[in-house]
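Have the model open beside you as you read.

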Amino acid sequence: LTKHKDWQLRAAAARGLAGLGDKSVVPALVESLAASDGGERHAILSALHTLSGQNYGLDIAAWRKLAAGTDPSAIKVRIPKGPYAFQIPILGKRVVLIVTNSQRNEDPHRFGAGPRLEELCEVPGARPLLHTRLVTVGTFIRAHISRCINDLPTSKQKFELILFNNIVSPQFGKFTSANSGTKKTAIAALEGLVPAAGMNHYDALRAALDLAGSKDKQAWKNGPDEILFTACNAPNAGEIKEAPVVAAAIGLHARLRMVPVHTVGVESHAYEMMETIATQSGGVYRKLYD
């Protein structure tokens with residue numbers, strides 16, 4: 001399964017092998033990582049980290065040296081450049097970025113103007129964000145998402161940007177190539193946000209999962225293989241407002257489709273909901289507060 005042509009099955013294999021705790025499968029996982037080029041790499045990297053205790057990211061040469069028996073202390077790691085959001089590598093071929101447009105975006109963040117904010121603005125393997133201009137929750141979130149969009153490699157990744165409060169607003173309505181024009185359009189939408197009341201988390205996440213169609217067959221073939229979701233408060237709008245229900249429904253839905261959902265909570269948010277969605281789907285949870 002680590003060599004299967006379908007990325008979902010390579011991801012499923014990695015998750016299963018991580019749970020077995022057998023280090024002898026590390027070489028097979030390394031070759032699976034080398035043969036993969038989408039969001040399934042999150043599951044493979046997680047399995048490699050779990051089994052080996054090492055974290056070499058996408059440095060295939062380093063992983064191959066480890067698999068060959070090289071002492072970890074003798075392995076030099078090179079971090080490849082690529083798109084990151086809140087220091088989470090964005091690895092998918094079809095990525096959805098979901099950005100909160102809450103009234104709380106206008107609140108000052110509580111990270112201060114010193115080392116804590118500088119730390120949060122680091123971008124692995126590249127120049128950091130210009131942190132001195134990021135004084136509100138909204139400017140902090142938008143700067144990370146804009147940088148991620150700018151860093152998406154042209155022709156290699158497709159993306160969609162979904163903005164939400166009580167209304168869910170996909171910007172393209174489909175996956176679009178990451179070229180200079182689409183990047184400019186997406187970043188202009190971010191910069192022109194006018195916050196409004198109401199947070200419809202569930203519909204925003206379902207819109208992302210169902211971007212290529214609501215049926216599983218459509219989603220498996222053409223749907224997202226990675227989602228990043230930001231929020232700075234709890235759900236309070238839409239048909240499903242209860243955070244535990246949102247967590248259970250989205251976590252299961254994403255897991256069945258093998259789509260990692262990274263959740264980033266800035267300041268106060270629905271902590272357990274965000275953590276559950278990320279854990280259930282194989283994504284990363286970032287809890288950012290003062």
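How much space lies in the largest cavity? The answer is about 40 Å³. A cavity here is a set of points, on a 1 Å grid over the protein atoms alone, where a 1.4 Å probe fits but cannot get out. Grid points are joined across faces, edges and corners, and a volume is the space filled by probe spheres set on the points. Before going further, please keep in mind that this is a predicted model, in which local features need pLDDT of at least 70 and side-chain atom pairs count only at pLDDT 80 or more, while totals for chains, interfaces and linings use all residues. Residues are numbered from 1 along each chain as its sequence is written, and side-chain values use heavy atoms, with hydrogens and water left out.

The structure holds 2 cavities of 30 Å³ or more. Around the largest one you will find Tyr84, Ala85, Phe86, Gln87, Glu122, Val123, Leu129, His144 and Arg147, where lining residues are those with an atom within 4 Å of a point. Strand E1 (84-85) and helix H6 (137-151) are the elements that give two or more residues to this lining; helices (H or I, at least four residues) and strands (E, at least two) are DSSP runs, numbered from the N terminus. By class, the lining has 5 nonpolar, 2 polar and 2 charged residues. In this scheme Ala, Val, Leu, Ile, Met, Phe, Trp, Tyr, Cys and Pro count as nonpolar, Asp, Glu, Lys and Arg as charged, and the others, Gly among them, as polar.

Phe86 counts as buried, at 4% relative accessibility; buried means under 20% relative accessible area, with exposed over 50% and partly exposed in between (1.4 Å probe, protein chains only).

Now follow helix H6. Its 15 residues reach 22 Å from the first C-alpha to the last, close to the 21 Å expected at 1.5 Å a residue, the expected span being 1.5 Å times one less than the number of residues.

A pocket is an open set of points with protein on both sides within 12 Å along at least five of seven lines. Of the 14 residues that line this one, Leu129, Leu134, Arg142, Ala143 and Ser146 are the closest to its centre. H6 and helix H7 (180-191) each give two or more residues to the lining, and H6 gives the most, with 6.

H3 provides the largest share, 8 residues. The pocket is lined by 38 residues, and His42, Leu45, Leu58, Pro89 and Leu91 lie nearest its centre.
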